[in-house]
Amino acid sequence: MLNYTAGHWDFVKGNQEVNETEKQTVTRELMEETGITDAHFIDGFRESINYFYRRQGQTINKEVVFFIIESNVEEVQISFEHIGYIWLDYKQTMEKLTFKNAKDVLLKAHDFLQKKGLVRD
């Protein structure tokens, strides 16, 4: 999880660029925000959320698409957009995440991984 300069804890996020696929966006944002390039997708999970936020006096409707990615990288090189990062297990992450919609996505991802036999608890 990343600690954003606004103070909240959340997952890697970003904006899709022209002619990028969703997974290309995720891979690029992961690299830009964490320096992680050694990662691969766990197929079968795709979850999206929508929310509104304000930027420069305008209300922006944002859709964020989440995938599950696996990596053995432990050290992260955070971007200027963040003030920290932390690796946590499922229960600790649920406690640390700031927003309910992120917790809802994490719950769905955890359930998905349990059904695939990739996590135990």
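Start with what lines the largest pocket in this predicted model: the residues there divide into 27 nonpolar, eight polar and nine charged. Together, 44 residues line this pocket, and its volume comes to about 1500 Å³. To find its middle on screen, look for Phe11, Phe67, Ile68, Ile69 and Trp87, the lining residues that lie nearest the centre.

Now trace where that lining comes from. Helix α1, at 22–34, gives the largest share, with six residues.

Next, move over to the second largest pocket, with a volume of about 520 Å³. Here 19 residues make up the lining, and the ones nearest the centre are Tyr4, Tyr51, Tyr53, Lys62 and Glu81. How do the residues of this lining divide into nonpolar, polar and charged? There are six nonpolar, five polar and eight charged ones.

As for the elements behind this second pocket, α1 turns up again: α1 and strand β4 (47–55) each supply at least two residues of the lining. The largest share here belongs to β4, with four residues.

Conventions
Residues numbered from 1 in each chain as written. Predicted model: local features only at pLDDT ≥ 70, side-chain atom pairs only at ≥ 80, totals over all residues. Heavy atoms only, no water. 1 Å grid on protein atoms, 1.4 Å probe; cavity = no way out; pocket = protein on both sides within 12 Å on 5 of 7 lines; lining within 4 Å. Points joined across faces, edges and corners; volume = space filled by probe spheres on them. Nonpolar A, V, L, I, M, F, W, Y, C, P; charged D, E, K, R; others polar.
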